[in-house]
Amino acid sequence: MAEIHLTGRAASPGLAIGPVTVLTNVVARRTAVGDPAQEAAALRAAIEAATDEIAGLIRTVQGEAAEILEFQVAMLGDDALAEGAYDAISVGVAADHAWRSALDAEIAGYRAADDEYFRGRAADLVDIRDRVLAHLGGADAVATIAAGSIVAGDDISPSVFLAADWTGGGAIALAAGSPSSHVAMLARARGAPMVVGLGPLDWNERPPALALVDGDTGTVIFDPAPETLHVFEQRIAAANVARAAAEAGRFDPALTADGRRIRVLINVAAPEDLAGLDPKICDGIGLVRTEFLFEASHGLPDEETQYAAYRRILEWAGQKPVTIRTLDAGGDKPILGLTVDGESNPFLGLRGIRLSLGQPDVFRVQLRALLRAAVHGSLKVMLPMVAIPAEFDRAAAMLDAEFAALTAQGVASARPPLGIMVEVPAAALRAEDFDAAFYSIGSNDLTQYTMAAARDIGAVADLNDTGNPAVLELIARTVESANKRGVEVSLCGDAAAETRLIKPLLATGLRTLSVAPVAVARLKAAIATVRE
Amino acid sequence: MHDANASRATETMAPLTASAILVNEVGLHARPSVKLTQSAKRFAAAIELALAPDGPWTDAKSPVKVMRVKAPKGATLHFRVTGADGEAALAAMLALVNDGFGEA
């Protein structure tokens, strides 16, 4: 049997070897029966089944995990949770849609909480939501996972993850999934390697027996040849030694082998990413994605919700700089009621700043929230997908206008520096034409637009290489423009978390890199090996 | 840590009120909410809680609604209890809060 190499995205670091457990698709498509009484009965049955399932799970776990599940049972047993769903069903909405909407509204409430602890409970509500949805879809009960196995499937829910024993090794390999999912957070916390976005796992009904998961580079090898397995085992031994050394240095400033100071920032996809994280590991936050605020299906977040979220992140960072990116919807990040459906090529369509300028009422709310949050720390605001200076100028004018309006109303606010994300080759080539206060190179999109190859299309994934000289030249050109104009430049993107790319990236003159928190220790260790 | 000056307005079914300060580390979070609602459900009396003496009042028997209050550490929890076993219910609620739900 030939070994199968798949490349996805690293979601939790580490290496693992183990037998494969295949998860079947948990959430199946469901056909509504249409009759409100039957739909209500279906929802009631699904809630009961989910409750029974969790109750069974509680008997197998202890401590904190059991308490989380007991809380879920209490919530599911409370009619108040499904009240909104039953109301919707009574006017003809299908049970699964009604339940999803009701829970999404509840989840949005938790995500908007001031208190970190309450925000963290959003994951439990997501779990409750999905477990009931699985039962509504007529899916089988959640699969059990043997300790030490490599779990392969489309996606995995927190309760499935929690149901497994990760103390004896094991890892996760997903066709879909996200590095910023709660399962990814749980996996990082438990030290279980995880790779997401592998693309369809199609084994022609002959699932693999053994898998090697590399949560550092985001690769998975199914059914490895003996020699591959042997090399991997040696890497595990070496990695154990290296990880111990890297972890020891994660609070130290990053220095190259010849003593040059490199600023290491972190990327934040949601406030939960900062939970339990010590600001001392980084020099600031290089990228805050704001899409998490727009995920809930019930309308767009209001100014207060956004302000509270931004303020919390700034307060976490103290005096360290925080760069928040305005909404980058569109492309692979559709948002209900905002992005355009059915574009023939969403990556070349109405996304990022193009969408924000086309929806000025939505954009103004975000700008006001940012202006108000700016008094709570060292905020910078970044515009995504900018291609021409006129886009920057229009956004800057809107920011100035909102600042003037807030000031006139006596509302505490400050005008943050406004910069651009350099991810369209046109902007990289002509960076000096922009009046931007800083440049932040988005290496993921810059690479795919330069190479005309998406990284999630396996057949062309090898072309999607930030180390390609064409991409590096655009990065170097942007750095040069920044130096000429005397403004800051940084790079945020997965390239900065790839050890092999650190030397060529620093060779472009970059001195600031931004990576996911989980990659900080590794990045600092990689920087320390570079001699320029 | 509390001002358990429970007062009875009239002799009949007028509500009893009292308040106590949340002393446990993370406020009225998942585990305390479950404990509180489980305890509340043992009584026939209607039990409500609020962050202010004049409400808005939340059903203390609903974990979903109690969690929506998102009461942080240091908040004063006001209780309003109506029913035959109201006094015992109120005492149980105050004991739980003052005890930090056993985790202070």
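1. A residue is called buried here if 20 or more other C-beta atoms lie within 10 Å of its own. By that count, strand β13 of chain A, residues 378-383, is mostly covered. Five of its six residues are buried. Keep in mind throughout that this is a predicted model.

2. Now the neighbours of β13(A). Strand β12 of chain A, residues 321-325, is joined to β13(A) by five bridges. The two run parallel. One pair to look for is A:Val322, whose bridge partner in β13(A) is A:Leu379. Strand β14 of chain A, residues 418-422, is joined to β13(A) by three bridges. This pairing is parallel too. Here A:Val381 stands opposite A:Leu418 of β14(A).

3. Chain A as a whole comes next. The chain has 532 residues, and 48% of them are buried. Its secondary structure amounts to 18 helices and 17 strands. Take the contacts in chain A between residues at least 6 apart in sequence: 68% of them join residues at least 24 apart.

4. A sheet of eight strands deserves a look. This sheet of chain A is open, and its pairing is mixed. The order of the strands is β1-β8-β7-β3-β4-β5-β6-β2. Which strands form the edges? They are β1, residues 4-7, and β2, residues 9-12, each pairing on one side only. On average, neighbouring strands of the sheet are turned by 25 degrees against each other, direction ignored.

5. Three bridges link β2(A) with strand β6 of chain A, residues 194-196. These two strands run antiparallel. A:Ser12 stands opposite A:Met194 of β6(A). A helix also packs on this sheet: α9 of chain A, residues 226-248. Helix α9 touches β3 (15-22), β7 (210-214) and β8 (219-222) of chain A. Its direction makes about 125 degrees with that of β3(A).

6. Check the loop between β8 and α9 of chain A, which holds A:Asp223. A:Asp223 is not a glycine, yet has a positive phi of about 50 degrees. Is A:Asp223 buried or partly exposed? This residue has 19 C-beta neighbours inside 10 Å, so A:Asp223 counts as partly exposed.

7. A:Met385 counts as buried because 24 C-beta neighbours lie inside 10 Å.

8. Helix α12 of chain A (residues 360-373) meets helix α13 of chain A (residues 389-408). Their axes come within 9 Å and cross at roughly 60 degrees. At that angle α12(A) and α13(A) are therefore oblique to each other. The crossing is right-handed. On the α12(A) side the contact uses A:Pro360, A:Phe363, A:Arg364, A:Leu367, A:Arg368, A:Leu371 and A:Arg372. On the α13(A) side it uses A:Met398, A:Leu399, A:Glu402, A:Phe403 and A:Leu406. By class, the contact has eight nonpolar residues, four charged and no polar ones.

9. The crossing of α1(A) and α6(A) is right-handed. From α1(A) come A:Ala42, A:Leu43, A:Ala46, A:Ile47, A:Ala49, A:Ala50 and A:Glu53. They meet A:Arg131, A:Val132, A:His135 and A:Leu136 of α6(A). The residues of this contact comprise eight nonpolar, one polar and two charged.

10. Turn to where the chains meet. How many residues of chain B are in contact with chain A? The count is 14, and they contact 14 residues of chain A. Two helices of chain B, α1 (30-41) and α2 (63-69), each supply at least two residues of the side that touches chain A. That side of chain B has six nonpolar, four polar and four charged residues.

11. The peptide bond joining B:Gly55 and B:Pro56 is cis, with omega about 0 degrees. B:Pro56 sits in the loop between β3 (46-50) and β4 (58-59) of chain B.

Notes:
Residues numbered from 1 in each chain as written. Chains lettered and ligands numbered in written order. Predicted model: local features only at pLDDT ≥ 70, side-chain atom pairs only at ≥ 80, totals over all residues. Contact = placed C-beta atoms within 7 Å. Helix = DSSP H or I, 4+ residues; strand = E, 2+ residues; numbered from the N terminus. Nonpolar A, V, L, I, M, F, W, Y, C, P; charged D, E, K, R; others polar. Axes fitted to C-alpha atoms, helices over the stretch in contact; angles between N-to-C directions. Parallel < 35°, antiparallel > 145°, perpendicular 65-115°, else oblique. Left-handed = near helix turned anticlockwise from the far one by under 90°. Buried ≥ 20, exposed ≤ 12 C-beta atoms within 10 Å, placed from the backbone. Pairing = 2+ DSSP bridges.
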